Amino acid sequence: MTVERSRITVHGVVQGVGFRPFAARLADDLGLHGHCGNDDVSVFIEIEGKSASVSEFVRRLRTDAPPMAVIVDATAQPVPVRGDESFRIIDSRHVPGARTLVSPDVATCADCLRELADPHDRRYRHPFVNCTNCGPRFTVITDLPYDRPNTTMAEFPLCAACLAEYRDPADRRFHAQPVCCPDCGPHLFAEIDGHRIDGDDAVLTAVQGALRDGRIVAVKGLGGFHLVCDAADPTAVETLRARKHRPDKPFAVMTADLSVAAGLCEISEPESALLRHAARPILLLRKKKSASVAEGIAPGIDDLGVMLPYTPLHHLLFTRTPGSDVDPPRVLVMTSGNLSGEPLCFDNDDARTRLADVADVFLMHDRRIAVPCEDSVLAVAAGAVLPIRRSRGFAPLPVVLPAHGPEILAVGAEIKNTFCLTRQDYAFCSAHLGDMGSLESQRAFETSVRQLTHLHGISPEAVVADRHPGYSTHHWARRYSERTGVPLLTVQHHHAHIASLMAEHGLVGTTVLGVAFDGTGYGCDTTVWGGELLLVGPNILDTRRVGHLQPFSLPGGDAAVRNPVRVALALLHECGITDVDGLPCMEAIPTAERAAVESQLLSGLGCVRTTSAGRLFDGVASLLGVRHRVTYEAQAAIELEALARTAPHPAPLAMDVENDQIGLPLLVSGLVAGLRDGTPPAALALGFHHALAAATADLVDLAATATGASTIGLTGGVFQNRLFLALVRAHWESSGYRVLTHHRVPPNDGGLSLGQAVIGAAATMRGP
């Protein structure tokens, strides 16, 4: 029998997730001896025994790791045999200046749910039940190392029973920092019509009754407040829309369980797995025609954003309260607790103030939220994950970079904002912060930057911003640079999109031909880009524009973004089409506005030239009569995609590819001819998707042949369109190209800060 000893070092999210007890149980199962412990950056293990058992231990460290563990790397090296006779968990070691990784918040595990439902368990119906395998993490942390005194649970001293569990390596709650019970944990309370209600069951009975009666409830969750109402009640849904100032943008819903979700939507196996993922994201699913929810939840589209309960409180909301005759809800609207354009409410007093005119009822608790965190949003495209918003359940897990680099703060874009911090070979993207158009949002951004730079112990060597001089994040970065003396770097918008895609695939240092299609981005020629083909070389600072969409005018600049009908007029003008009377866009625009827009287009005054693919989608949507005015970002494009999916066949449309650009006249004239001939708008919408996808593939083929590139990257907000993404990819299925899409950070501006950080790090290392 060959006996060997191995020293194993495991990096990643391995503190506070039960990794040491797991290693001890695994060693016991395999008859191995040695020890394990924590330091501030790793778990260290020495294991001794039969060679085959040691190899099996190393393998199962990865395959059987605790649910909340995220292993970045695990290295093993042989060391001399010592003849240990047991396996021990030893004291932690502290490395000066080191910072561990922070776990995201995770949905309530099956073991805790069993306790929640067991009348004989001391945590029966406890709204804050959690263990090492689940519960709050990121949103309760105030500092590192991740110990209870450095969380908002420090305000709740452990009772004797919980303390015994916390100290027992064999217990599921060993070093679970948020551990608590009804005797020592937080408590619920409700505020209804000026009265406070205490007692968990009394609170839940009152809230369920309020939901049944069509009232709006502000519910404090893991990372902030939700605004909640009965999803089957059209009046409640419209009331919430009016009070929240959100006329059209879809609401997410939470269902009692997977079977209820399956009654609302078509759910594939990959989608079912994502719904049940420990992150419990909102998942975009195809809505069934028979779905028993109010039409006003997602007007004009065929998707429904669905999530399952992820906290004990959510599960209790969907469960009948003992002694109550109120039927629990089955489907609830569960939307962000804010007014449109404002940051998420996460503090009790702030919610009482800012949501006073929205919510009828407040369901709150006394555990503070340290770091606000919105729900994540995902979709499935071609069987793979497509992130739309990366936040709760995923932030602040890092993207691993190819090498150690400088500490960088990248501030992201203007909408769907996140920022990114780099340390060593990690890039930490913040949770979703939203649009930076309001003073409140900018203050929330600054607070979040301050929190996470402190949490990760980062002192930025450079601050990186988008090149657009009008972005509030650009102005913030400039002020930060002036205040701190840290150099300010600016990065072109679409270059950052492609760098983000390269970073998440670990391909920084290679050549990628990137297709960056989005709404607007400040171009290198000071026009508005958005339909770009950029070649990024092994030196990620080196990029070259090798193709684009034909430029056209945006009359009124940002006013055209809010009014796709103006973009439709611009496309007709650009393509020289004058026979326009009777077209849907002409019927939708008042005479005075039409005259003003046509005057702008003729003179060029007040117009901005653009290559934006996103604005092309808007213009086509108006041409076809789908959407002429928008109340939320990408509304016209989303509704155009939904219409296209209803067509059995595409109309035969095409686009020219010539002189490194995709031309517009053939497409626009074909759309107008189709409308004149009575072709159904759905067929024209689908035909447009096919035509642009084919032209994009042709442009890429020409550029790849000219440059020798063999890796194609698809990025930018337009590639959230799953129909268009699938059509573009289909052109290269057997071409030999490697095609990259986003799986870890969003293709939209929510992923932009990662690319900015990677480019900023490269520029800082290169020096002046």
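Let's start at Arg 280, which sits in the loop joining helix 8 (269–275) to strand 12 (282–287). Helices (H or I, at least four residues) and strands (E, at least two) are DSSP runs here, numbered from the N terminus. What you are looking at is a predicted model, where local features need pLDDT of at least 70 and side-chain atom pairs count only at pLDDT 80 or more, while totals for chains, interfaces and linings use all residues. Residues are numbered from 1 along each chain as its sequence is written, and side-chain values use heavy atoms, with hydrogens and water left out.

Back to Arg 280. It isn't a glycine, yet its phi is positive, about 45°. Is Arg 280 buried or exposed? Arg 280 is buried, at a relative accessible area of 13%. For these words, buried means under 20% relative accessible area, exposed means over 50%, and partly exposed is in between, using a 1.4 Å probe and protein chains only.

You'll find Asn 659 in the loop between strand 28 (657–658) and strand 29 (661–662). Asn 659 is exposed, with a relative accessible area of 68%.

Now hop to the loop between strand 17 (384–389) and strand 18 (399–405). Pro 396 lies in that loop, and a cis peptide bond with an omega of about 10° joins Ala 395 to Pro 396. Arg 390 is in the loop between strand 17 and strand 18 as well. Arg 390 is buried, with a relative accessible area of 10%. Leaving out residues up to four places away in sequence, Arg 390 touches a list of residues that includes Ser 376, Ala 395, Leu 397, His 432 and Arg 744; contact means heavy atoms within 4.5 Å. The C-alpha atoms of Arg 390 and Pro 281 are 9.1 Å apart, although 109 residues separate them along the chain.

What about the empty space? Rolling a probe the size of a water molecule over the atoms shows where empty space is left. On a 1 Å grid over the protein atoms alone, a cavity is a set of points where a 1.4 Å probe fits but cannot get out; a pocket is an open set with protein on both sides within 12 Å along at least five of seven lines, and lining residues have an atom within 4 Å of a point. Grid points are joined across faces, edges and corners, and a volume is the space filled by probe spheres set on the points.

The second largest pocket holds about 490 Å³ of space. Its lining has 22 residues, with Val 70, His 277, Gly 393, Phe 394 and Leu 397 nearest the centre. Strand 4 (70–79) and strand 17 each give this pocket's lining at least two residues, and strand 4 has the largest share, 3 residues. By class, the pocket's lining has 16 nonpolar, 3 polar and 3 charged residues. Here Ala, Val, Leu, Ile, Met, Phe, Trp, Tyr, Cys and Pro count as nonpolar, Asp, Glu, Lys and Arg as charged, and the others, Gly among them, as polar.

How many cavities of 30 Å³ or more does a search of the whole structure find? There are 5. The largest cavity has about 150 Å³ of space and is lined by 19 residues, of which Pro 127, Leu 222, Thr 311, Pro 312 and Arg 367 lie nearest its centre. Helix 9 (312–317) supplies the largest share of that lining, 3 residues. The lining of the largest cavity divides into 10 nonpolar, 7 polar and 2 charged residues.

The second largest cavity has about 90 Å³. Of the 14 residues lining the second largest cavity, His 226, Leu 344, Cys 373, Glu 374 and Asp 375 are the closest to its centre. Its lining has 5 nonpolar, 6 polar and 3 charged residues.

We finish with a pair of helices. The axes of helix 18 (residues 613–623) and helix 19 (residues 635–644) come within 8 Å and cross at roughly 60°; axes are lines fitted to C-alpha atoms, for helices over the stretch in contact, and angles run from 0 to 180 degrees between N-to-C directions. Where they meet, Phe 617, Asp 618, Val 620 and Ala 621 of helix 18 contact Ala 636, Ala 637 and Leu 640 of helix 19. The residues of this contact are 6 nonpolar, no polar and 1 charged.
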